[in-house]
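Work through the exercises below with the sequence and the 3D structure open. Try each task before reading its solution.

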Amino acid sequence: MTRRDPAAIAGFAVALGLAGGLTLAGCGEATGAAPAGLPTSATGVRVAGAWIRPTPPITNVAAFYLRVENGGSDADRVVAASSPRCAEIEIHQTTTVDGVASMSLASDEQLSVEPGHDLVFEPNGLHVMCLGLDEPVVEGEAVPLTVQLEIAGSLTVDAVAENR
Amino acid sequence: MTDLMPPRSSGDPGPDANDGPSGRRRFNDGPSGRRRFTVALGVVAVAAVGVVAALAVVSSLRPHLYTGTVLQGDEPAPSLAELAYGDGTPVDLADFDGEVVLVFFGYTNCPDVCPTTMADAAAAVGLLDDGDAERTNLVMVSVDPDRDDAAKVGEYVGFFDPGFRGASGPVEAIDRAASAYGVFYQLNEPEADGSYLVDHTGTLMGIGPDGSVRVIWSSDVGPEALAADIAALLS
């Protein structure tokens, strides 16, 4: 879980004080972590920093990584994801025990995000697995990804294809 | 030290000229002030060179602290000769004498750990100087031979770095190699569409220039630490 930095917290507090409540614009400006225009739900949840690793032509699986930022006041939970590029998507958690990596469907608990917290999908951890990828992901392209949350509903972003 | 000083101009009247019109001596204003400054600069420069040289000596003497787990012992790395590359050539670790070989067991339908590890390994090679990069190899062995033949694994790793090589072979040979390298793997139950995941040891094993397994890295080692360890193995 990534915590917001103190400046962001301060900015958030100021936004709260001025507006007398959470404003989406205030939240976005306060964190400054993502470009403007990221879709944000009415409940203050947004998906930021989405990326996907370019894929070798001979495979048809891939993984999306992203951050679900809950700037709202209620807990929420990722329930599904989809992309026009993937026949199927599963949300997985990689667990490494004694060097052995295994993947399992992420649990409800692993996909919950408390208010003020981020749910981080990153390599060797939580990831959105794309099965039946239609064609190789090429560095630099944008791959649409829709993340569905229990309360916030669906948020669609472009995942940037890059090697990190 | 004197050779660092600028030559005096012929018209230099000497230190007394350093006194300003008011008779007050002004720092660093006249030729001798400049000279002192130059001398000081020279001293600082020489000292700096000395410090840098001393640091270089110290750091070359200090043993590299590996990020990966270092293995003791000098028995040769387990043979992979029962496995072959895509062109049918058996994997002969002797081809890499005097070089580093990273050995990885994975599969090409792996969405997270394998591509992350291969991308990190490729990035690490990119961080090495040309000589070290030239002497760094990677062989990925498939733990999913039903879906991966050696050519496919080779194409897979070649996507990340054209120098990386892929190997596969009969299940029994893969089992023997995996077990010799302390690698565990198991195929998961297929899903409705027949696809399945494979649990596997996601570590990178580093065979040193002497031909024995020297370092084991976890899959989250990252390119910088991996490159530093490889450079140390090659030094």
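**Exercise 1. The make-up of chain B**

How many helices and how many strands does chain B have? Then state what share of the chain is buried.

Solution. The model is a predicted one. Step 1: chain B has six helices and nine strands. Step 2: of the 235 residues in chain B, 33% are buried. Step 3: look at the contacts in chain B between residues at least 6 apart in sequence; 67% of them join residues at least 24 apart.

**Exercise 2. The surroundings of a strand**

Take strand β5 of chain B, residues 165-168. Find which strands pair with β5(B) and in which sense, and decide whether its faces are covered or open.

Solution. Step 1: strand β2 of chain B, residues 84-85, pairs with β5(B) in the antiparallel sense over two bridges. In this pair, B:Y85 stands opposite B:A167. Step 2: strand β4 of chain B, residues 136-142, runs parallel to β5(B), and three bridges join them. Here B:M140 stands opposite B:G166. Step 3: in a regular strand the side chains alternate between the two faces of the sheet. Step 4: on one side of β5(B) are B:R165 and B:A167, on the other B:G166 and B:S168, and all of these are buried. Both faces of β5(B) are therefore covered, as the count for burial is 20 or more other C-beta atoms within 10 Å. Step 5: together with helix α4 of chain B, residues 150-160, the strands β4(B) and β5(B) make a β-α-β unit, and this unit is right-handed.

**Exercise 3. The nonpolar cores**

Which residues have the most contacts inside the largest nonpolar core? List the contacts of B:V157 beyond its sequence neighbours.

Solution. Step 1: the largest nonpolar core has 51 residues, and B:V139, B:V141 and B:V157 have the most contacts inside it. Step 2: when neighbours within four places in sequence are left aside, B:V157 is in contact with B:M118, B:L138, B:M140, B:F164, B:R165 and B:G166. Step 3: another core, of 36 residues, lies apart from the largest one; A:A63, A:Y65, A:L145 and A:A159 are among its residues.

**Exercise 4. The contact between the chains**

How many residues does each chain give to the contact? Describe the side that belongs to chain A.

Solution. Step 1: chain A gives 20 residues and chain B gives 23 residues. Step 2: on the side of chain A, the elements that give two or more residues are β2 (61-70), β4 (86-97), β5 (100-105) and β8 (126-133). Step 3: β5(A) gives the most, with four residues. Step 4: sorted by class, this side of chain A has eleven nonpolar, eight polar and one charged residues. Step 5: β5(A) also pairs with strand β7 of chain B, residues 198-201, in the antiparallel sense over two bridges. In this pair, A:A101 stands opposite B:H200.

Conventions. Residues numbered from 1 in each chain as written. Chains lettered and ligands numbered in written order. Predicted model: local features only at pLDDT ≥ 70, side-chain atom pairs only at ≥ 80, totals over all residues. Contact = placed C-beta atoms within 7 Å. Nonpolar A, V, L, I, M, F, W, Y, C, P; charged D, E, K, R; others polar. Pairing = 2+ DSSP bridges. Buried ≥ 20, exposed ≤ 12 C-beta atoms within 10 Å, placed from the backbone. Core = buried A, V, L, I, M, F, W, Y, C linked by C-beta atoms within 7 Å. Right-handed = clockwise from strand over helix to strand, strands pointing away.
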